Amino acid sequence: MSNLPRVDIDQPKFDQSTYFGRAKHFFLVTNPLNIFASNEELERARDIVTKYRANQPLPDVKSIDEVWRAKYLYDSAHHPETGEKQIIIGRMSAQMPMNTFITAGMMTFYKTTRAVVFWQWFNQTFNAIVNYTNRSGSSPISQSQLVTSYCLATGGALATALSLNRAVKNMRPIFGRLVPLVAVAAANCINIPCMRMQELRNGIALLDAKNKEVGISKKAAFVGISAVVISRISMAIPGMTLTPLLMNKLEKNGFLKKYPRSNAPIQTLFCGFILIFATPLGCAFFSQRAAIKVNDLEPEVRDHIKKERPDLDTVWYNKGL
């Protein structure tokens, strides 16, 4: 038997009913330092989590805080439903460093068609990996669907970016710097629903308070995927609006003309600083384990749950990230 206090580590450490609690939770989930954890550290974290769940002895673990650290490290690298180890660049802990590099690239090299094509393609390739990695585990995605959604999102982002670049060609420079944000928002509205089309078609698992499956809902899938789209766009907005404003200011006062090589480094560092906060704060708009009232479900699902589990008023589902 474990010598440590018993807590439910399958629930987040912080209160998920408040934005502040969700923000603290996602600061730990998206901690970019987690991507440097070795396989040995991840296996030790898995071992601690598994043994603690089973109430087995953990002689090397001295406090419950160490269990929580292991749980968050484990969660940062494994899918919450399937338990499979995720691709490194698809993990939420990789969002800040990867998006820093991509955002800075899109906003530094946005004036030529070749640069726009490359950076939008690069961004959508990364987004496809993230969306696939953080999909709901109850709805597998086929290879053909993966390719289709990738092509649609990349095409949508490119069409948006190139069209807007032409439209703002004779406008003030600040408008040109904001084009990548609109392209990213448009691509997210295409990429995420396409990548998770199986969930929209077949529904996602509904769970009770003890994580027992009680039904499958397409409406919950739609609500969850919509929340993910909003979160992803909100993560991008601070870096992709404040950075252009900063660079426009530096351009006007002659700093960039005097130090032309500082353009990319300044944008990269500034984006990185913003994304440290924007990533978890954007995720925190919605709880990952989302709740929905039984009465708000589609009629056949609602009636089935009310018949089988009349005690249930609310059910939960994994909305993804």
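Author: The dialogue below goes through confidence, cysteines, annotated spans, helix packing and backbone angles.

Reader: What is the mean pLDDT of the chain?

Author: Where pLDDT is low, the predicted coordinates should not be read in detail. This is a predicted model. The mean pLDDT of the chain is 84, and 96% of its residues reach 70 or more.

Reader: Which element has the lowest mean pLDDT, and which the highest?

Author: Among the elements of the chain, the lowest mean, 76, belongs to helix α7 (residues 173–195), and the highest, 91, to helix α1 (residues 19–29).

Reader: How many disulfides does the structure hold?

Author: A disulfide is a covalent bond between the sulfur atoms of two cysteines. The structure holds zero disulfides. For Cys283, the nearest cysteine sulfur is that of Cys189, 17 Å away. A pair counts as a disulfide if the sulfur atoms are within 2.5 Å, so Cys283 is in none.

Reader: Is Cys283 buried or exposed?

Author: The cut-off for buried is under 20% relative accessible area. Cys283 has 3%, and therefore counts as buried. Cys151, at 46% relative accessibility, is partly exposed.

Reader: Which residues does UniProt list for "transmembrane region"?

Author: The unreviewed UniProt entry lists residues 147–168, 220–246 and 266–286 under that name. In the model, residues 147–168 are 95% helix and 0% strand, with the end C-alpha atoms 32 Å apart. Residues 266–286 are 86% helix and 0% strand, and their end C-alpha atoms lie 31 Å apart.

Reader: At what angle do helix α4 and helix α9 pack?

Author: Helix α4 (residues 95–108) packs against helix α9 (residues 218–252) at about 40 degrees, and their axes are 11 Å apart. Angles under 35 degrees would count as roughly parallel, and those of 65 to 115 as roughly perpendicular, so α4 is oblique to α9. The crossing of α4 past α9 is right-handed.

Reader: Where is Asn55 placed, and what is its phi?

Author: Asn55 lies in the loop between α2 (39–53) and α3 (64–77). Its phi is positive, about 60 degrees, although Asn55 is not a glycine. With a relative accessible area of 24%, Asn55 is partly exposed.

How values were computed. Residues are numbered from 1 along each chain as its sequence is written. This is a predicted model: local features need pLDDT of at least 70, side-chain atom pairs count only at pLDDT 80 or more; totals for chains, interfaces and linings use all residues. Side-chain values use heavy atoms; hydrogens and water are left out. pLDDT is the predictor's confidence in each residue, from 0 to 100. Helices (H or I, at least four residues) and strands (E, at least two) are DSSP runs, numbered from the N terminus. Buried means under 20% relative accessible area, exposed over 50%, partly exposed in between (1.4 Å probe, protein chains only). UniProt positions are given in the numbering used here, feature names are shortened, and annotations may be inferred rather than shown by experiment. Axes are lines fitted to C-alpha atoms, for helices over the stretch in contact, and angles run from 0 to 180 degrees between N-to-C directions. Angles under 35 degrees count as roughly parallel, over 145 as roughly antiparallel, 65 to 115 as roughly perpendicular and the rest as oblique. A crossing is left-handed if the near helix is turned anticlockwise from the far one by less than a right angle, and right-handed if clockwise.
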